[in-house]
Amino acid sequence: MDTTTPVSQFVADHVRALPRSGIREFFDIVQGMPGVISLGVGEPDFVTPWNIREAAIYALERGRTTYTSNFGLLKLREAIARRVAEGFGAAYNPVNEVLVTVGVSEALDIAMRALLNPGDEVIYHEPCYVSYMPGIALAHGVARPVVCRAEDGFAVRPEAIAAMITPRTKVLVLNFPTNPTGGTMTQPDLQAIADLAVKHNLIVITDEIYSELTYEGHHASFVALPGMRERTIFLHGFSKAYAMTGFRIGYACGPVDLIEAMMKVHQYSMLCASIISQEAAIEALRNGQSATEEMRESYRLRRDFIVRSFNEIGLPCHLPRGAFYAFPSVQPTGLTSKEFAVRLLKEKSVACVPGTAFGECGEGFLRCCYATAMDRIEEAVERMAQFVRSL
Ligand code: PLP
């Protein structure tokens with residue numbers, strides 16, 4: 001090997017081409033700045049409920065420290081199948097149609113790797129979770145973002161998806177409620193998307209990680225629509241509903257052949273999810289509902305306050321019906337998303353994420369996570385009001 005050549009030349013082209021996460025890039029600036037109020041990282045401010053933590057401790061005490069089946073503990077898969085049947089309206093066989101993963105993050109990654117041949121196209125809606133485009137690129141797929149608009153409450157228009165479909169389109173990724181906009185969908189629009197999936201023979205990956213954090217009405221699951229179970233991979237996890245981000249635990253449900261393909265990728269890359277987290281997840285499904293409801297009510301109060309405040313201070317903001325993000329417009333200030341976020345941080349020590357971190361169409365918006373203590377949110381909003389007045 002020629003040791004004079006830089007080692008960076010050995011990095012694969014498709015990895016080199018990936019940008020670093022816009023969130024991480026921005027929060028590198030925040031590191032070490034004193035007195036900053038962060039509405040940045042999308043993570044519950046609650047500690048995992050005690051009974052769930054205790055289940056993890058008890059698992060350790062019993063010496064539960066081994067590998068599990070590649071699919072995950074059968075007891076957990078059975079509990080997942082029950083929850084998905086009751087809460088989302090789709091029945092899965094826990095033996096071969098449920099796969100326990102290291103968070104929804106891993107489930108997304110192995111779904112892409114299991115499904116895509118080089119050049120296959122994947123449609124998803126933007127602004128969106130930062131991992132979708134890189135996950136597609138890492139699996140050698142072609143990312144095809146569909147733009148969602150503020151005037152539609154950031155819902156996806158079925159006709160915008162239809163316009164993006166080509167003969168190479170294989171997969172459609174949906175995420176409701178949506179990170180970063182809090183967008184949700186109506187049943188008729190979801191049905192129109194389901195009709196497109198049938199017409200064009202698409203596989204749908206539905207990421208419903210925020211479904212428990214739906215504030216108005218009931219969460220409508222894509223997988224419950226007629227005919228969708230057979231062409232859908234349903235992804236869900238424990239990070240948001242049970243404040244279990246650090247446990248790194250999630251799952252995928254789908255038709256046998258697709259779960260089998262995902263299991264192969266999982267088997268050779270991850271082997272299995274942590275047994276301690278799996279034991280904790282069983283307790284979350286058995287006895288975690290009331291904690292989730294309490295957290296949801298707390299988020300709802302904060303959402304109502306932050307959205308009202310943004311509108312009052314001149315940053316127009318739609319009412320997000322789910323998740324824990326507000327997505328106000330900064331367009332009236334004349335600043336770009338990044339200019340606004342950087343100046344707000346430097347001048348008022350409030351950290352929010354520029355909308356562009358979630359796709360180009362996030363320009364003009366800011367993502368503000370309200371999973372932060374109410375007094376911190378009040379202080380952040382007051383500082384933002386001062387900043388807007390100073391412009
Ligand atoms: N999907 C969406 C839409 C998210 O917002 C996140 C995390 O923020 C994830 C998936 C990843 O979740 P997990 O912690 O289960 O890996």
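Helices (H or I, at least four residues) and strands (E, at least two) are DSSP runs here, numbered from the N terminus. This is a predicted model, where local features need pLDDT of at least 70, side-chain atom pairs count only at pLDDT 80 or more, and totals for chains, interfaces and linings use all residues. Residues are numbered from 1 along each chain as its sequence is written, and side-chain values use heavy atoms, with hydrogens and water left out. The ligand sits in the largest pocket.

**Ligand site**

- A pocket is an open set of points on a 1 Å grid over the protein atoms alone, where a 1.4 Å probe fits, with protein on both sides within 12 Å along at least five of seven lines.
- A molecule sits in a pocket if more than half of its atoms lie within 2 Å of the pocket's grid points.
- The shell around the ligand has 13 residues, counting a residue if one of its heavy atoms lies within 4 Å.
- Ser105, Asp207, Tyr210, Ser239 and Lys240 come nearest.
- Helix α5 (residues 103-115) gives the largest share of this shell, three residues.
- By class, the shell holds five nonpolar, five polar and three charged residues; Asp, Glu, Lys and Arg count as charged, and Gly is among the polar ones.

- A polar contact is a pair of N or O atoms within 3.5 Å.
- Aspartate 207 places a polar side-chain atom 2.6 Å from a ligand nitrogen.
- Asparagine 179 has a side-chain N or O atom 2.8 Å from a ligand oxygen.
- Arginine 248 also has a polar side-chain atom 2.8 Å from an oxygen atom of the ligand.
- The protein covers 93% of the 400 Å² of accessible area that the ligand has on its own, by the Shrake-Rupley method with a 1.4 Å probe.

**Open sheet**

- Three strands form an open antiparallel sheet in the order β9-β12-β11; two strands pair if DSSP finds at least two bridges between them.
- The edge strands, β9 (325-326) and β11 (353-354), each pair on one side only.
- Two antiparallel bridges link β9 and β12 (residues 366-369).
- Tyrosine 325 has cysteine 369 of β12 as its bridge partner.

**Backbone exceptions**

- Most residues other than glycine have a negative phi, and most peptide bonds are trans.
- The bond between glutamate 126 and proline 127 is cis, with omega about 0 degrees.
- Proline 127 lies in the loop between β3 (121-126) and α6 (132-138).
- Asparagine 179 and proline 180 are also joined by a cis bond, with omega near 20 degrees.
- Proline 180 is in the loop between β5 (169-175) and α8 (187-199).
- Alanine 243 has a positive phi, near 50 degrees.

Key
A polar contact is a pair of N or O atoms within 3.5 Å; within protein, one must be able to donate a hydrogen and the other to accept it, and residues adjacent in sequence count only if both atoms are side-chain atoms. On a 1 Å grid over the protein atoms alone, a cavity is a set of points where a 1.4 Å probe fits but cannot get out, and a pocket is an open set with protein on both sides within 12 Å along at least five of seven lines; lining residues have an atom within 4 Å of a point.
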